[in-house]
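Have the viewer open beside them, if you like.

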Amino acid sequence: MQQPLRVVPVEAGLADPRDYVGQARDTRRASQAPSRGLGLTIRGLRKSFGDNEVLRGIDLHIPAGQFVAIVGRSGCGKSTLLRLIAGLDKPTAGSIGFGAEARAEDIRVMFQEPRLLPWARVLSNVEVGLGRDRSSADARARAEQALAEVGLADKREQWPAVLSGGQKQRVALARALVSRPRVLAFDEPLGALDALTRISMQRLLGRVWHDQGFTAILVTHDVSEAVALADRVLVIEEGRIAHDMDVDVVRPRQRGSADLAALEGGILRDLLKGDDSTDL
Amino acid sequence: MSIVESLPRVRAWRLPRVDGLTQWIVPLVIILTWQAASVTGFMPARVMPAPSDVALAGWKLLLSGELAQNIWVSFWRASVGFLIGGSIGFAFGLANGLSQLSSKLTDTTLQMVRNVPHLALIPLVILWFGIDESAKLFLVALGVFFPIYLNTLHGIRTVDPQLIEMGRIYGMSNGELFRRVIFPGALPSIFVGVRFALGIMWLTLIVAETIAASSGLGYMAMQAREFMQIDVVVLSILIYALLGKVADSASRLLERLTLSWHPAFQKQ
């Protein structure tokens, strides 16, 4: 007799240590995941706004398919770095090179705000992400598939106004994913969400990164999010890379495990060392 | 969920199926009170004729064909003037909202002209156009121009810049950006302009027709005044109220059709 299949909705799928099936699936994915990502080399990158030099010489190599988290205090330049990588702003000096010829559709950004068009249905919002392929014959099918990947296939004819904050961000993720990008840059994508929605969104981000093998660059102020998701954490201080550390913790990772907690504590100590006390 | 929605429902006693009629209760009560006051002699017919007398006057004018003729003339002037002034205002609003150069070139001039009450131009307009149709159309178009211009401009300038940046990131061309982001974003504000403009349209037309015209509702009212036909005067005023209501309902309907995405139109 066949076992009934248990479908776990994305939002309900919080870290459950007994979710063996899910973990086995994740492990299998990890072993098969082909890296379609683009590598990234940054040399002597500087950015000034008027007299204010925000980035003061960044040299960085990101291998294809890596998940990099960038943390730092507000105003340290981490979002500026992300905007330069995504091509939203022009650097004052220095260069950013991708491993191969990158098309506009290969690099996508997801922001803290979902930035959905309120006057377009959910599915049309996802279609926007196709860029120049918007008018192609399979645009609709591709958008539907991307929407299904984030677990919102049943919301495709809704207006964005009726969705919850987490759902809007998932639509924004579907829009970013629909063109099958090779670099995906996240600018605090979960900053405005409540704690539980954040955790389920982090799992979703981790899953699509596994599945699609893009290079992920995540800017966040949440150190625990950074160590839970990333292969590598960069700490930026005053416009420079102050620390560059690998997160050598096997996936799937257990939220709150001792390894992650130790890493998180170390990074937080670095970030807060200018303060008078690191105690709460 | 907004605060309003989370409050307990006050309208628990809502009448079934007559919801659409609720808005007409107050006008009906006013007319009945008015009729009663006239019948009892509380309000002399010289000051205010009874509603029944007004209706009778309306019926007579309707039979003679005069009423339909005058309403049609006024309606025609209002809509043509609105279309002309509205489209010019919309065009300038677009140009100045989208182009810095155009805005620098024309906005200051337009703001100066805006501060001249357009009805103050009536003597000049009569000198230019006589009491011809073009005089009325000119005044209506001028009056309608500014609310549409200002609100179109405002709508375009206040489109969320984050959405525009998003559109650019996703490779929208300028035309696509306008069609998919800027215009829909400006639309709610444009409709505010349209509703203002409709009010100004009637106001301008009435004044223009009472001062210089040989047909139309305003002319009908002025003629009636000459002959002390107070019932016809009141009738004209009521027709203006009704036409104003019709214009407003039409723009609301259009709003509801085009802004169905807007949270304010998603009550159900």
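**Ground rules.** I am working with a predicted model, where local features need pLDDT of at least 70, side-chain atom pairs count only at pLDDT 80 or more, and totals for chains, interfaces and linings use all residues. Residues are numbered from 1 along each chain as its sequence is written, while chains are lettered from A and ligands numbered from 1 in the order in which they are written.

**Chain A overall.** I found 8 helices and 9 strands in chain A; helices (H or I, at least four residues) and strands (E, at least two) are DSSP runs, numbered from the N terminus. Of its 280 residues, 40% count as buried, that is, with 20 or more other C-beta atoms within 10 Å of their own, C-beta atoms being placed from the backbone. I also looked at contacts (C-beta atoms, placed from the backbone, within 7 Å). Among those in chain A between residues at least 6 apart in sequence, 74% join residues at least 24 apart.

**Helix 6, chain A.** I checked the length of helix 6 (residues 195-212) of chain A: its 18 residues should span 26 Å at 1.5 Å a residue, and the end C-alpha atoms are 26 Å apart, which agrees. The expected span is 1.5 Å times one less than the number of residues. Its buried residues include A:Met201, A:Leu205 and A:Trp209. The buried residues of this helix pack against elements including strand 3 (67-71) and helix 4 (139-149) of chain A. A:Gly213 follows helix 6 of chain A, with a positive phi near 60°.

**Between the chains.** I counted 15 residues from chain A and 12 residues from chain B in the contact. On the chain B side, helix 8 (161-169) and helix 9 (174-211) of chain B each give two or more residues. Helix 8 of chain B supplies the largest share, 4 residues.

Note on methods. Two residues are in contact if their C-beta atoms, placed from the backbone, lie within 7 Å. A residue is buried if 20 or more other C-beta atoms lie within 10 Å of its own, exposed if 12 or fewer, and partly exposed in between; C-beta atoms are placed from the backbone.
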